[in-house]
Amino acid sequence: MNTFIESDLRFEFPENWSVRKFDQTAAYRSLSGFGLKGVDFLCLAPAGDLWLVEVKNFQRRLGRAFTPRRGPDHIAKQVGKKFVDTGRLIRLMDRAMQRRWYGRLLWLWSRLWGGLSTAGHYGFWAEANRRVADPRRVVCLLWLELPDRENDYLITVRDAVEEELEPGVRLVVAGSQTGEKLPFSVTPKAATL
């Protein structure tokens with residue numbers, strides 16, 4: 001399994017998914033100082049979808065200061081910006097790779113013969129760029145952990161985030177309280193208060 005910890009939650013993606021913890025990539029670190037924000041995970045699913053996963057955990061957690069939850073409109077603007085900016089960052093990364101002679105050679109190889117593995121650096125970004133170009137292939141997941149079951153809050157956040165996204169992009173708002181079926185699992189890393 002591809003296992004990652006984010007906001008005291010354990011994300012386990014299937015082995016056949018190519019997953020990057022976005023803020024740990026050189027691409028994100030090189031471009032993040034320009035006012036662009038990124039999601040927590042970029043995932044290439046074998047079915048051809050690009051999953052952009054953002055995690056917000058407002059549960060009380062041991063050893064952590066309580067994080068006050070903002071209003072749904074604030075969360076939606078913040079998360080919507082991350083989803084949109086991540087698409088921009090993927091396009092920028094693909095263009096940057098095309099500028100280097102070996103990157104251009106690999107980029108052409110992947111376009112003509114599909115010969116690059118998405119497990120590698122160039123193959124991952126080329127494939128992510130190909131998928132982000134078709135909004136129907138993009139799934140934006142907001143994993144939202146709330147202290148209580150608050151369906152109205154979730155619905156309001158979902159509706160507000162949808163307004164921020166490009167038409168055709170699929171949005172999923174889920175959390176441990178929603179029971180949403182996903183192709184990967186999310187479990188608590190540690191006990192919560």
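**Reading the aromatic pairs**

A search of the whole of this predicted model finds 13 aromatic pairs.

Me: How is a pair of aromatic rings described, and what is the arrangement of W17 and F184?

Reply: A pair of aromatic rings is described by two quantities, the distance of the centres and the angle of the planes. For W17 and F184, the centres are 5.7 Å apart and the planes stand at 75 degrees; the pair is therefore edge-to-face, since the angle is over 60 degrees.

Me: Where in the chain do W17 and F184 lie?

Reply: W17 belongs to the loop between β2 (9–13) and β3 (18–21), while F184 belongs to the loop between β7 (170–174) and β8 (185–188). The two residues are 167 residues apart, and their pair links distant parts of the chain.

Me: Is W17 buried or exposed, and is F184 buried or exposed?

Reply: W17 has a relative accessible area of 7% and is buried. F184, at 8% relative accessibility, also counts as buried.

Me: What form does the aromatic pair of F22 and W125 take?

Reply: That pair is tilted, with 6.0 Å centre to centre and 50 degrees between the planes. F22 lies in the loop between β3 and α1 (26–31) and W125 in helix α4 (residues 121–132), so the pair ties together parts that are 103 residues apart in sequence. Both F22 and W125 are buried.

Me: Which residues do ring pairs link into a cluster?

Reply: The cluster consists of F4, F11, F13, W17, F41, W51, W143 and F184.

Me: Where does the charged end of R20 sit?

Reply: The charged end of R20 sits over the ring of F124, at 4.2 Å from the centre of that ring.

Methods
Residues numbered from 1 in each chain as written. Predicted model: local features only at pLDDT ≥ 70, side-chain atom pairs only at ≥ 80, totals over all residues. Heavy atoms only, no water. Phe/Tyr/Trp six-rings, centres within 6.5 Å; stacked < 30°, edge-to-face > 60°. Helix = DSSP H or I, 4+ residues; strand = E, 2+ residues; numbered from the N terminus. Buried < 20%, exposed > 50% of the residue type's maximum accessible area, 1.4 Å probe, protein only. Lys NZ or Arg CZ within 6 Å of the ring centre and 35° of its normal.
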